[in-house]
Amino acid sequence: MEPHLEQIRDQQKQSWNKFSGGWKKWDDLVMDFLKPMGDEIIRLINPQNKDFILDIASGTGEPGLTIAEKLNGGKVMLTDLADDMLRIARQNAMLRGIENIETLTCDVSELPFRDNTFDAISCRFGFMFFPDMQLAAKEMVRVLKPGGRIATSVWNVPEKNFWVTATLGTINKNLELPPPPPGAPGMFRCAKDGFISDLFSQAGLKNITQVEVPGKLNCKTVDAYWGMQTEVAAPVVAALSTASDEMKEKIKKETFALVNQKYPDGNVVIDSSALVIYGEK
């Protein structure tokens with residue numbers, strides 16, 4: 001990997017380890033929010049009892065843990081760049097009595113597995129962070145057995161994801177942040193229709209499909225929405241860390257006003273949209 005991409009990866013590793021506490025705190029809300037995308041990934045890869053399955057960018061464990069529960073004699077390898085996130089995944093597995101998993105801290109661009117190792121691969125919202133997405137896709141295909149299945153989810157266009165644009169839009173308006181370089185890691189980096197499908201095709205996958213999956217962020221209150229955003233959403237946390245206390249308060253007030261305007265009854269349940277892409281080796 002090129003040096004500037006290695007630098008991005010190292011920054012991400014540091015960042016995700018730092019945010020792991022926030023993810024543990026909000027895990028129930030976030031996992032409920034992301035469940036429809038995980039369910040679609042699981043439906044598509046169709047885990048069979050004896051399968052050996054790789055879950056990439058596992059974070060606190062999903063959808064890898066749910067996949068493991070569906071196997072009888074099979075096993076799931078949970079991988080992530082951040083060991084502190086995988087520590088939470090191991091705790092979650094223990095709480096649920098799931099024993100057919102293993103965790104490994106590693107980089108998707110240098111997977112420490114032999115060719116043709118896994119029956120299927122799941123990757124929920126990982127591609128938007130990978131410094132070199134093509135290299136990541138090639139590595140996934142390399143470790144996948146012939147005939148193996150892979151499915152991933154990415155966020156759809158900003159217009160369909162108010163749950164994050166409400167905060168990020170307010171931040172960008174107030175802080176006048178420079179736009180990221182083209183292709184830099186970010187929430188909507190993979191949102192273009194057919195983007196991941198093309199990536200999969202170039203990596204040698206076939207029978208590729210794409211489906212839109214809606215979701216709902218059930219915060220209930222605007223306070224819970226703000227708390228989750230400022231403790232879990234990495235781009236939000238990173239941007240606010242550069243702002244003065246006065247500016248942070250201004251951004252908070254404006255975000256609250258935006259959300260309250262959209263949900264005047266105070267019941268904050270925000271729609272989202274993701275794309276789930278599937279392919280076979």
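Leaving aside its neighbours within four places in sequence, with which residues is Leu111 in contact? Those residues are Leu54, Ile56, Cys106, Glu139, Met140, Arg142 and Val143, where contact means heavy atoms within 4.5 Å. The model is a predicted one, in which local features need pLDDT of at least 70 and side-chain atom pairs count only at pLDDT 80 or more, while totals for chains, interfaces and linings use all residues. Residues are numbered from 1 along each chain as its sequence is written, and side-chain values use heavy atoms, with hydrogens and water left out.

- Leu111 lies in the loop between strand S3 (101-105) and strand S4 (118-124), strands being DSSP runs of E with at least two residues and helices runs of H or I with at least four, numbered from the N terminus.
- Leu111 counts as buried because its relative accessibility is 5%, the cut-off for buried being under 20% relative accessible area with a 1.4 Å probe and protein chains only.
- Although 29 residues separate Leu111 and Met140 in sequence, their C-alpha to C-alpha distance is 7.9 Å.
- Beyond its neighbours within four places in sequence, Met140 has contacts that include Ile56, Val108, Ile121, Phe127 and Ile150.

**Helix H7**
- In helix H7 (residues 195-202), the buried residues are Ile196, Ser197, Leu199 and Phe200.
- These buried residues line one face of H7, because they fall within an arc of 160 degrees seen down its axis, the arc being that of the directions from the helix axis to the C-beta atoms.
- Their cover includes helix H5 (133-143) and strand S5 (144-155).

Terms used:
Buried < 20%, exposed > 50% of the residue type's maximum accessible area, 1.4 Å probe, protein only.
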